[in-house]
Amino acid sequence: MRTFHNSCSTSKLLPDPSATHIAFKNLLLFSDDEGDCVVLLLDVQLFYDQVTQQQGKRDIPADSLLEQILYFIGAYRLLNNNNRLAVFALHHEECQPLYIHGGDESSYASNSNPYRNVKEGIESILRAEVSKIDAGSEPQEPCTALACGLSRALCLINRITTSSSLSRACSKPRIVCITGSPDVPLQYIPVMNAIFSAQRAEVVVEALVLHTKDSAFLQQAAHLTGGLYIRPPDRCAALQHLVHCLSADTETRKMLVVHQPLGVDFRASCFCHKRTIDIGFVCSVCLSIFCEKVSTCKICGTDFHTSEKV
Amino acid sequence: YLILVVDFSRASSAQDLRPNRMTFMIKTCVTFIRDFFNQNPLSQLGILVIRDGIAEKLTDLSGSPEAQIKRLLEYKQGASGDASLQNALDLSLMNLKSIPPYGHREVLVLFSSLTSCDPRNILASIQECKDERIRVSVVGVAAEVYVCKRMSEETRGTYHVGLGEQHLEELMLMHAPPPPAIASNTASELVLMGFPQRSGEDKLGQVHVGINNIIAPVSFTCPRCCAKVGELPCACHVCQLTLISSPHLARSYHHLFPVNAFKELSSKALAMIAREQLEKRALSGIQISSKMPTSSESLISCFGCLRDMSVAVPDFQQQQYAVTRVLGSSRVSIPMVLRCSTCMNVFCYDCDVYIHESLHNCPGCQIKTDSRAPHARQ
């Protein structure tokens, strides 16, 4: 505060000290008073060893990646005392809450150690997976319960914003997804429902994709809600991207220069072959998309009398 | 395809609604238009104004809400003259005739006058609307008028009269979600549509966009003729292909796959669940459960927002939990516990409202859809 006053008096830009004081107070109120609210969705696929082997050179071991994420959690909590954080672990069977801090204190103790909870949570999930594979079950396709994670995160944010007096003038609550697996086409409809609900609730969905291919769902989510979508070329720099771009809340971000997305792929995939198409036929009853003309809609069973209309 | 008919006859200058009926009607229409396009992104809306005994078109049928809202807010001519329902109906008929047969045609009239000054027999116009399968609904600002009632009954629309400002808004917003269509009425068709790609937001890559050749940094490229259009959804100005993006279609999918209603749990069922949870915990006592980090405190928690709902369990209020803990919670009232019949997860009342009104996804059922196609859920 003192240095701020000194610099202002020497530059003689703001002759009125009370105006400086008010401006500084407003700045404090604006960004720091309420704190930020972030729900972190961690994809457990990131920590599977078989996935890391496929990534190629310049890769880091799974526990180093987990460490980087824990550093990010620590940094985020240090930024402001009022910052709220929740961490969910997503894997193909379910979505588990690992740590919750902030909001009303009824269910989860706010004194619990985030690092220990997250680390032990992820490790126990991985142990369960390994024991399942050892027991002889077939390895599953890499996928993640993104729809479940987004839905639960939105319910949690809904509870936090209605119960506490989070004013809308401050930064928007965020959902940060750190994923390392491809999209599951079956989850298209629930993920889009979640995205529209986030849009209406003014929740920003952001993504850090540590995978070789882009995720169309998360690209669309980030674009529609106004969040960031980052896919770094290698996984070693995950912490750098997290701290540089994703630790700032939405209001502070306007003053920073962060990574800008280039283009979003809005093309749809056809319901019959799951191919991405540019032009397709849409059933007027159920809005399902087909890549070629069919006489009956496969989804709703309507017959099309296209011969007469043409 | 909806035509919104707004009545700006002299009855609209009455001041029983603050500040006068006309301003309030405009405000309600703006809210309605925004909600309408939110729920029906592929639809088109046009606005007609009744004034001085004639009906005039304010905006054409189009899919962009902001242009319509702008025209409506800029309407500076006051309210005057008589209202003519028949002229409004005839003009709507003319506009809706060119709609392809799979489109659902509707007219919504916001009527504030008590009379209608018509050149010919209005019943003939009503019959024509019925033949063209146009559904006419009326929201009355003043008292009930027989001709409106007859019109809405014949065309299978609805007629409601608002009792106050809030009631009027509710009635208008009731018309925003799509009405269920009768299968025999609508002809179904496979419509050819394009899904353009969006260009990057590079300021150096600005191009001429749209029929007016405006330079803009963001454009969509028509997949058939490579013309650039400014916004979606629209029809390509060169090859007339309907261009949409997949989120627009996806916005309507929740109408096709709605969430099942959750059932409220009786206190007996709650006690049973709590007992099962305790048994499970006792069995796996030593193993650290990563599901809930502080597992000793929360017996039943909402699957959506993780709120502790153990207070709802009747037996455990006094026994398991310290009295200070119960008194310390900000919510003294007993929370209502509901359960989804498909995934058997429990939810609190707030999550239930949020899931059914906004989210349209049950978080518990999402896990199960990994193994099955979502269409098979119906």
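How far apart do the end C-alpha atoms of residues 222–239 of chain B lie? They lie 9 Å apart. The span is 0% helix and 22% strand; helices (H or I, at least four residues) and strands (E, at least two) are DSSP runs, numbered from the N terminus. An unreviewed UniProt entry annotates residues 222–239 of chain B as "zinc finger region: C4-type". UniProt positions follow the numbering used here, feature names are shortened, and annotations may be inferred rather than shown by experiment.

The model is predicted: local features need pLDDT of at least 70, side-chain atom pairs count only at pLDDT 80 or more, and totals for chains, interfaces and linings use all residues. Residues are numbered from 1 along each chain as its sequence is written, chains are lettered from A and ligands numbered from 1 in the order in which they are written, and side-chain values use heavy atoms, with hydrogens and water left out.

Helix 4 of chain B spans residues 122–131. Its buried residues are Ile122(B), Ser125(B), Ile126(B) and Cys129(B). These residues cover an arc of only 100 degrees around the axis, so they sit on the same side of helix 4 of chain B. The arc is that of the directions from the helix axis to the C-beta atoms. Buried means under 20% relative accessible area, exposed over 50%, and partly exposed in between (1.4 Å probe, protein chains only). An α-helix has 3.6 residues a turn, so residues three or four places apart point the same way. The cover over the buried residues of helix 4 of chain B includes helix 3 (85–96), strand 5 (134–140) and helix 5 (146–154) of chain B; contact means heavy atoms within 4.5 Å. Arg133(B) follows helix 4 of chain B and has a positive phi, near 60 degrees.

In one of them, the closest N and O atoms of Arg231(A) and Asp214(A) are 2.6 Å apart. This pair links distant parts of the chain, 17 residues apart. Arg231(A) is partly exposed at 34% relative accessibility, and Asp214(A) is partly exposed at 42%.

In chain B, Arg21(B) and Asp16(B) form a salt bridge (2.8 Å, N to O). Arg21(B) is buried at 10% relative accessibility, whereas Asp16(B) is partly exposed at 48%. Salt bridges that share partners also join Asp36(A), Arg174(A) and Glu206(A) into one network.

Terms used. Salt bridge = Lys/Arg side-chain N within 4 Å of Asp/Glu carboxyl O.
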